[in-house]
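Subject: Structure handover

Hello,

Here is the structure for your files. My notes on it follow below.

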Amino acid sequence: MPYARIEIAPSILAADFARLGEEVRAVEQGGADVIHVDVMDGHFVPNISIGIPVVASLRKATRLPLDVHLMIERPEGYIEDFIRAGAARVLIHQEATVHLDRALSMIREHGAEAGAAINPATPVAALAEVLDKVDTVLVMSVNPGFGGQKFIPGAIEKIRQLNQLRARYNGGFRIEVDGGVDAGNAAELAQAGVNTFVAGTSIFHTPDPAAASRQMRKLAAEALSQRV
Ligand code: DX5
Ligand code: ZN
């Protein structure tokens, strides 16, 4: 498998935007692997967050790859702009475009890694025809739009299904989970097959985000080493 077994991806949605550079450097020191950036348009999700200029500023503030989660309708119109601004990975929602195949190819053509995300109500089967075109599958474990929500347990079964399915694909793909991820469920998620742990509240709403990042990696890695 070409992908790192465990990655910690702090979500800056829960960071203090007035001190964003500082917050990102803290989790970088805590061994975070990627920075997760949540982009919301007020249409696909009922909230508005940040966009292209913030990605461009972050690109200068950290050496870590930027994992840009587009919670926007018809993302294909913005893919090139986000990649030019510094996104190393672009994740788009299956529910947000009728041309998922084309949009995923577009991401790779512009030199970034392609990710497909599914909402809690969307089955894994909705991605069956594109699993050979993705570097990452993102399983949402909350309904997207807000940080600080409760983990929806149905995500675990979807992660298990994806973990079995990826054996059929050459090299496979990463499995990423996003929403309500914390020290209480990291071990179970690692055992189910998660590579990339997105965590906002449980990292940034703590007194020491670097320590929280380290702790999450430790829990996930230990769970894997105990796997029979
Ligand atoms: C939710 C976003 C998440 C969010 C997760 O719509 O996609 O990335 O920041 O936040 P927590 O970890 O607080 O659930
Ligand atoms: Zn996200």
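Of the contacts in the chain with a separation of 6 or more, 66% are accounted for by residues 24 or more positions apart; contact here means heavy atoms within 4.5 Å. This is a predicted model, in which local features need pLDDT of at least 70 and side-chain atom pairs count only at pLDDT 80 or more, while totals for chains, interfaces and linings use all residues. Residues are numbered from 1 along each chain as its sequence is written, chains are lettered from A and ligands numbered from 1 in the order in which they are written, and side-chain values use heavy atoms, with hydrogens and water left out.

Overall dimensions

The chain has eight helices and eight strands. Helices (H or I, at least four residues) and strands (E, at least two) are DSSP runs, numbered from the N terminus. Along the principal axes, the C-alpha atoms fill a box of roughly 45 × 45 × 30 Å.

Burial and surface

Of the 228 residues, 52% count as buried (buried is under 20% relative accessible area, exposed over 50%, partly exposed in between, with a 1.4 Å probe and protein chains only). The accessible surface of the chain is about 9,900 Å², and carbon and sulfur atoms hold 51% of that. These areas come from the Shrake-Rupley method with a 1.4 Å probe, and for residues only the protein chains shown count as cover.

The chain carries 22 positive and 27 negative charges, whose mean positions are 4 Å apart. Lys and Arg count as positive and Asp and Glu as negative, without His and the chain ends; each charge is placed at NZ of Lys, CZ of Arg, CG of Asp or CD of Glu.

H5 (residues 154-165) has twelve residues and reaches 17 Å from first C-alpha to last, close to the expected 16 Å. The expected span is 1.5 Å times one less than the number of residues. Its buried residues include Ile 156, Ile 159 and Leu 162, and their cover includes strands E5 (113-118), E6 (136-140) and E7 (174-178) and helix H6 (186-192). Gln 161 is also in H5 and counts as partly exposed because its relative accessibility is 36%. Its C-alpha is 32 Å from that of Pro 209, 48 residues away in sequence.

Pro 209 is one of the buried residues of H8. H8 (residues 209-225) has 17 residues and spans 24 Å, close to the 24 Å expected. The buried residues of H8 pack against strand E1 (7-10), H1, H6, strand E8 (196-199) and helix H7 (201-204).

Individual residues

Phe 146 sits in the loop between E6 and H5 and is partly exposed, at 42% relative accessible area. Leaving aside residues up to four places away in sequence, Phe 146 touches Leu 13, Met 40, Pro 46 and Asn 47. Asn 47 is 99 residues from Phe 146 in sequence, with 7.3 Å between the C-alpha atoms.

Arg 74, in the loop between strand E3 (66-71) and helix H3 (79-85), has a positive phi of about 40° although it is not a glycine. Arg 74 counts as exposed because its relative accessibility is 57%.

Regards
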